[in-house]
Structure formats: C-alpha cells, structure tokens
Amino acid sequence: MFDTALTWNDLAFLAQGAGMTLAVTAVAVTAGTVLGILFGVIRFQIGPYWSAPLTLLLDVFRSVPLLIQLVLGNAFQSIAKLGWGAFTTSGVVLSLYTAAFCAEIVRGGISSVPVTTRRAARSLGMTWWQDMRYIVAPLATRVSLPSWIGLTLGVMKDSALVLWLGLVELLRASQILVTRLQEPLFILLICGAIYFLLSFPVARLGGYLEKRWSPND
Amino acid sequence: MIEIENVRKSFSSLEVLKGIDLTVEKGEVVTIIGGSGSGKSTLLTCINGLEPIDSGRIVIDGTDVHAKSTDLNRLRRKVGIVFQQWNAFPHLTVLENVMLAPRKVLGLSKDKAEEIAVKQLTHVGLGEKLKVYPNRMSGGQQQRMAIARALAMSPEYMLFDEVTSALDPMLVGEVLDTLKMLAEEGMTMICVTHEMTFARDVSDRVAFFHQGIMAEIGTPDQIFASPQNPETQKFLASVR
C-alpha cells in the first residue's frame, strides 16, 4: 500500500544534515549567549545614552533579514580575504544575530531584579560583582529562561538559511532527496519530525527548570 | 561613633537634607521621627554610603564615609542596615540568605557561616525556619530574617529604616520586640520610625526631622512630654 524509494542510506544522509543543523545551532547559541550576556550587561550598566551606538548595531542585526546578513557576511569575509569557510562564516553571522536578541533578553532579566534587592546585597558589603554573581544572575536567569528557550528554538530553525552558503544541513539534505526521489511530502514530513525531535528536549528542559525553580518564587 | 556634620543632599532640584548635624555615641539608641519627606530615610542611606551627599561630612569611627579613598564595601561590614521592604533574596532559603554575605564578603568557611547564621536566626526566633524559602513566610518573619542577615556580619552599628511600615499591624509587635532586644544588648542603633511608643520606650535620644532640618533633639521625656519646637508639637499632636 505504501511504497517509497527512500533507503536507509538516505535516512543516514538526513541524520548527517541534522548533525550539521545541531552543530551550527550549538555554535550560534553558545557564542551568541556569551556575547549577548556581555552586551546586555554593558547596555544595562552604562545606560541608554552611552550604549546608543551598541544598541543601534544590535538593532541592525535584529532587523535585517538573516538571509541578507548571511550573504553580506560571506561577501565581506571574501572581500576582506579572511579565508573563512562556509561553516565559520555561518557561525559568526548566526552568533551575532543570536547575540543581538539575547542582549535584549539579558537586559530585561537584569531590569527585573528590584533595585531594593540589589541595594540590600550591596548594603551587606557585597561588591558589584558579588551582587551580579549571587543575586542578579540567578534571579535574572529565572525571568529570562522562557525567552532564551524561545530564542534557541528560533535559531535552530533559522539556521536552515545557512544552506545558501552551501552547507548541507537538515533542510538542504531534505531538498536534495526531494529532487532525487520526487517524494516531497513524505520527505518533508520526516524532515519536520526530525526538527521536532531536536527541539523537543530543549523545550522540555525549559519546562523542567521552570518547574524546579517555581516553588521558591 | 557616628559624626554627621552639616550634611546637605538634593535630589535634582529638591533639597531633602538641609544641613544635618548629629553625633551618635557607641551604645546609643537614637530614633528619628518626622513626617514623610522630612529626609529621615535619606539620611540613613547616606550614612552607609548608598547615597552620595552634596556637602558636609559623615565620619564613622574616624572614616569619612564619602571620601574617595574609603572602601565602602569594607565600611558596610560594620554598619548594617534594614529597610522598610525586607528585600529577601527569593532564590535562597532563609539559612542561605543569612549565610551568603558572611561567606562571600567575610570569606568564612561554610561551617562557620552556617554556625553564625543559625545563631542569629535563632536569636530573632526563626530557628525553625532555616530550610524555608522567604516567600513562604509572613512579612514579619521576613523582616526578622533581614535583621538576622544584617546581624550575621557582626556590625557595630545598625540602621533601621521604617522597618515596620510595610507590615500588617498584627506583625509589627514581633519586629519591634526584636529591635528592643538588640537595644537592650547594647547595639548602637539609629531607627527611623513611625512607632511613637517604641521611640519613647527604647531611645536614648529622639530626633524630630522637619523638611530636611533636624528641628529638635532630646531625651524621649523632653520630646514627648515637653517639645519646644512648634513643628514638633504639631507633629506629635497629629500622630497621637
């Protein structure tokens, strides 16, 4: 009744694509989060006036479509003779894109910690850094987590656009199979299911952490 | 000894402290009373350097609080402050709330910090609540926890900023009893308060603030029985 030309080899090919999607996402989310925390803290600390140039730059990364950023980024590295491969270029562009969104999440998280709570910490003799480390970071993380999970899931799907730089990630792998086997619906269904399987643990991790923290809040 | 000399402080165009002079000796309990906006709370936050001042000097045991060379984080170890809002750290248990600063600021071992925290929490009547998160406690209990948290740093001076103002009336007593206990133990305290009975019973001296000026200061008898300044008389008549 159901007949397909899809072989185990093709499935392995898809799995390889999924691996590439995971790798690009992992790089972007890791580097983007580190940079995002840095930018977010800077923006919060020096205030809207002095951080205006940084805010403007991050706004560019947030508003220009990712596809354009990837193409321009690739052109830039080529003109500047940086010699970056497709993976490096994709990683750098996606990281900056992620950092721009993450900075806002971090800034919002820090703002959510009441000034009076931070005052109480400082009045006990804690330094700025100790206040950040032991009071602000844990409280801001709780507030920011749902948005950060959303960002991670978004970046995982957006990472499909790196196929334009020639990387064979999950969506590109599916396209190749569709072209060869002419079974678009079936293959895209599998591709969608794999995206779901990749995202599900991340979403569940968020739910788990929220639940674990909630009785204390 | 805390010496406050001609301290002035403005928030933009509003001058909230218009030249305050006050000396508090070791072991003394001074309460500050007065209407809202009289500058009482601002003075306390200036004393431990949370707010800068515009002119004048605040000197604690010979250290000028607002001098550039002063290490405020070090100074604050000996000047504890408790606020109107108790400001519990909501992600930490009661015990962890109290242990945090002794561990990280004083660098004590976990065991030593825990020993101090348990002692202070038992002292304020929270010995049974060590593993509880602050949000599971009443405002009065949280406020007593905040007092224990400040005491765990073994401060030589304690500043109390309207610590009962945000509490349900039925919870005020337990916090005031804690303050009384501290006063009897000889802690040097400056308390900003609206609790006149407390001010009369516990203070060595009572200061009345009016519009950024210390209008009158004296023993509780002088202030409550025979206030000299017409503004003091008016204020006391209004709160009775």
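1. A salt bridge here is a side-chain nitrogen of Lys or Arg within 4 Å of a carboxyl oxygen of Asp or Glu. In this predicted model, the side chains of Glu51(B) and Arg119(A) meet that rule, with N to O at 2.9 Å. The count between chain B and chain A is 1 salt bridge.

2. Across the interface of chain B and chain A, 4 residue pairs are in polar contact, both partners at pLDDT 80 or more.

3. Which elements give two or more residues to the side of chain B that touches chain A? They are strand 6 (79–82), helix 3 (94–104) and helix 5 (139–151) of chain B. Helix 3 of chain B supplies the largest share, 3 residues. By residue class, this side of chain B divides into 13 nonpolar, 6 polar and 5 charged.

4. Now the extent of the interface. Contact involves 24 residues of chain B and 20 residues of chain A. The two chains bury about 2000 Å² between them, and 61% of that lies on carbon and sulfur atoms. On the chain B side, Phe89(B), His91(B) and Lys104(B) lose the most area to chain A, together 27% of what that side buries.

5. Chain A carries a record annotation. An unreviewed UniProt entry marks residues 20–42, 54–72, 92–113, 134–155 and 185–203 of chain A as "transmembrane region".

6. Two of these spans can be set against the model. Residues 54–72 of chain A are 89% helix and 0% strand, with end C-alpha atoms 20 Å apart. Residues 92–113 of chain A are 91% helix and 0% strand, and their end C-alpha atoms lie 31 Å apart.

Conventions:
Residues numbered from 1 in each chain as written. Chains lettered and ligands numbered in written order. Predicted model: local features only at pLDDT ≥ 70, side-chain atom pairs only at ≥ 80, totals over all residues. Heavy atoms only, no water. UniProt positions renumbered as here; feature names shortened; annotations may be inferred. Helix = DSSP H or I, 4+ residues; strand = E, 2+ residues; numbered from the N terminus. Contact = heavy atoms within 4.5 Å. Buried area = accessible area lost by both parts, 1.4 Å probe. Polar contact = N/O pair within 3.5 Å; in protein donor to acceptor, adjacent residues only side chain to side chain. Nonpolar A, V, L, I, M, F, W, Y, C, P; charged D, E, K, R; others polar.
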